[in-house]
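Dear colleague,

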Amino acid sequence: MSLPNKMIYVTFFVLLITNIILCESSSSEYQTNQKQYEQNPAIKRLQEYIQIDTSIEENAELAVEFWKRQAEELGLPYAVYRPLGLPIFVMTLTGRQPELPSIMLNSHADVVPAGADLWIYPPFSGHVDENGNLHGRGSQDTKDVGIQYIEAVRKLIQNNVTLERTVHITVMPDEETGGFRGIVPFVETEEFKSLNIGFALDEGFTSQDNTMYVTYQDKRPWQIKFIIRGNGGHGSIVASGNVIEGLQRFLNIAMEYRNEQMQIQNSTHVFDFGAYTSVNINMIEGGVAPNVVPTNVTVIMDMRLSVDAEVNDVQDMLNSWMAELGDESSIEYIRRVENSPATAVDETNPYWMAMRDTIKELGLTVVPIVCPATSDMVVVRTKAIPALGFTTKTNMIPKLHDIDEYIALDQFLKGIDIYEALLKKLGNLA
Ligand SMILES: *[C@@H]1O[C@H](CO)[C@@H](O)[C@H](O)[C@H]1NC(C)=O
Ligand SMILES: *[C@@H]1O[C@H](CO)[C@@H](O)[C@H](O)[C@H]1NC(C)=O
Ligand SMILES: *[C@@H]1O[C@H](CO)[C@@H](O)[C@H](O)[C@H]1NC(C)=O
Ligand SMILES: [Zn+2]
């Protein structure tokens, strides 16, 4: 199709004007939004929380100071437990019937390291940009969720709502490194038992469309250190039994297995995370000098077992890999979770039914899936407590553990209302 010249010019001119007008109005609209966001108390609290660099273990104490201030502001009782030194924070909104099993709202204060030089905005700034996004490590994983909990509780208090059940907001110090000094020892304590938890919510899966997801089972993490050994010597001697020969054999076997699992992943639904075992080699260390043949190389592999994988079968497979590497090589487990129970997501679980109905009433959809990774809930579920991983984050690019992690603030604020609605339902379950 061709247009007469005059019409092209006119069309171009109109488009140009429209563009200028649109750009001007939307950029000033953004700026007002940006200002409004920066002055919003909930967003200010998220910003303050993100500014505590909890990728450093010592700063767990600063995070607890932050949480104490939140509890004091709301006049709610709190406690700090230290089963193995690191602080676990618990604040409590007491229900009208405190003898009923309580609701646990769990999140973790620690974040993974950021690698600041690669970020557009400094990772511990909490910078709010002109598109209404707040940038920072922890903005999706999972400081946002911690703040949403407390803001939802604040709204209940402001609206004079008293729930039947008690609600505990719990904050763990070391989820990212396995919870070995946090949730793992905590669930064994009398203090944990006395919280009398009937149902727990924890961090969840960021969704790229309108659908929300709840995770009802976590994949079992096996994080393994393989120490491959061989003959050392002068860097000029080409001898057999070189450690890199072993490394090559190892990588071939492991990557072949990875490929098989990737095929399963490719042939199943994109959200069927339970169908395959994930395999990634994430660290390779070795070598002493350019002219020295090393005697060992260390390979660290991260596996998350498929839901139906048998522990014995996986163990047999790993043993057969080790047999290829000779007696000198060895294997150590950094993390080896054998058992990861599922929480029922059907009519046998009244908490789930209440959650599903609440979300439906809000005109939204929630779909249960297996969690591709692992959260503190894997530990809570072993105590026969139903626990679901959940986040209200939809229509958002998942940025967990990534550079330039950010959260869209309209979503963050909407999520607070969703939690408020959920608490009214879960907290009043008969
Ligand atoms: C909550 O109760 C207080 C004290 O009774 C009252 O002043 C306030 O207006 C109430 N707020 C709401 C939102 O009902
Ligand atoms: C799986 O799918 C991805 C993306 O389409 C493709 O790049 C990869 O080669 C596939 N792998 C296997 C093992 O099928
Ligand atoms: C690997 O070799 C280096 C250099 O000889 C040595 O210092 C280190 O202890 C060895 N590591 C293991 C795990 O054997
Ligand atoms: Zn997390």
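**Surroundings of the annotated residues**

Leaving aside residues up to four places away in sequence, E175 touches H108, D110, E203, T374, S375 and D376. Please note that the model is predicted. The contact with H108 includes a polar one, in which the side chains of E175 and H108 meet at 3.3 Å. E175 is found in the loop between β5 (167–172) and α5 (183–186). With a relative accessible area of 7%, which is under the 20% limit, E175 is buried.

The interest in E175 comes from its record: the unreviewed UniProt entry carries the annotation "active site" for D110 and E175. Of the annotated residues, E175 is included in the lining of the largest pocket.

D110 lies in the loop between β3 (102–108) and β4 (133–135). Is D110 buried or exposed? Its relative accessibility is 7%, so D110 counts as buried. Again without residues up to four places away in sequence, D110 touches T54 and a run of neighbours comprising M172, P173, D174, E175, E176 and T177.

Yours sincerely

Technical notes: Residues numbered from 1 in each chain as written. Chains lettered and ligands numbered in written order. Predicted model: local features only at pLDDT ≥ 70, side-chain atom pairs only at ≥ 80, totals over all residues. Heavy atoms only, no water. UniProt positions renumbered as here; feature names shortened; annotations may be inferred. 1 Å grid on protein atoms, 1.4 Å probe; cavity = no way out; pocket = protein on both sides within 12 Å on 5 of 7 lines; lining within 4 Å. Helix = DSSP H or I, 4+ residues; strand = E, 2+ residues; numbered from the N terminus. Buried < 20%, exposed > 50% of the residue type's maximum accessible area, 1.4 Å probe, protein only. Contact = heavy atoms within 4.5 Å. Polar contact = N/O pair within 3.5 Å; in protein donor to acceptor, adjacent residues only side chain to side chain.
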